[in-house]
Amino acid sequence: MQYLIIAYDYENVLEKRMECRTAHLEGAKKLMSEGVIINAGALIEDDKMVGSTLYVDFESDEALDKWLENEPYVTGKVWDMETIQIAPIKLLPKD
């Protein structure tokens with residue numbers, strides 16, 4: 001199932017985000033190569049990163065939850081999980 005994820009960071013965690021960024025990007029690149037992450041990018045406010053958006057395609061809600069449990073921005077306390085938005089979507093085909 002495809003999902004849109006909008007994840008804002010906790011306040012004042014830019015330094016923590018940068019510490020976790022390499023691990024986050026490594027995992028994201030792997031999932032992109034597997035077709036799980038369709039596209040992703042940082043949310044920007046006042047020229048600084050304040051969150052993330054992702055289009056993902058997981059086999060189930062459980063698979064999405066398992067990924068989130070191990071995502072470096074979650075385990076590193078960057079994304080504010082109380083405000084994260086996850087919505088099932090159906091993207092237009094690329095062709």
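Select I84 to begin: in this predicted model the residue is buried, with a relative accessible area of 17%, which counts as buried because the cut-off is under 20%. I84 sits in the loop between α3 (72-75) and β4. Now display its surroundings, leaving aside residues up to four places away in sequence, and you will find that I84 touches I5, I6, A7, L68 and W79.

Color the strands and read across them: four strands form an open sheet in the order β2-β3-β1-β4, with antiparallel pairing. At the edges are β2 (37-45) and β4 (85-89), each of which pairs on one side only, and from one strand to the next the twist averages 15 degrees. As background for a viewer that draws hydrogen bonds, strands of a sheet pair through backbone hydrogen bonds, either parallel or antiparallel.

Strand β1 covers residues 2-8 and strand β3 covers residues 48-57, and the two pair in the antiparallel sense over seven bridges. Which residue of β3 stands opposite A7? Select S52, for this is the residue of β3 that A7 faces.

Helix α1 (residues 14-33) lies across β2 and β3, and the helix runs at about 20 degrees to β3. Helix α2 (residues 61-70) lies across β1, β3 and β4, running at about 30 degrees to β1.

Most residues other than glycine have a negative phi, and most peptide bonds are trans. Select N12, in the loop between β1 and α1, where phi is near 55 degrees, a positive value in a residue other than glycine. Is N12 buried or exposed? At 75% relative accessibility N12 counts as exposed, because the cut-off for that class is over 50%.

Finally, go to D46, in the loop between β2 and β3. Phi of D46 is near 50 degrees, again a positive value in a residue other than glycine, and at 77% relative accessibility D46 counts as exposed.

Note on methods
Residues are numbered from 1 along each chain as its sequence is written. This is a predicted model: local features need pLDDT of at least 70, side-chain atom pairs count only at pLDDT 80 or more; totals for chains, interfaces and linings use all residues. Side-chain values use heavy atoms; hydrogens and water are left out. Two strands pair if DSSP finds at least two bridges between them. Axes are lines fitted to C-alpha atoms, for helices over the stretch in contact, and angles run from 0 to 180 degrees between N-to-C directions. Contact means heavy atoms within 4.5 Å. Buried means under 20% relative accessible area, exposed over 50%, partly exposed in between (1.4 Å probe, protein chains only).
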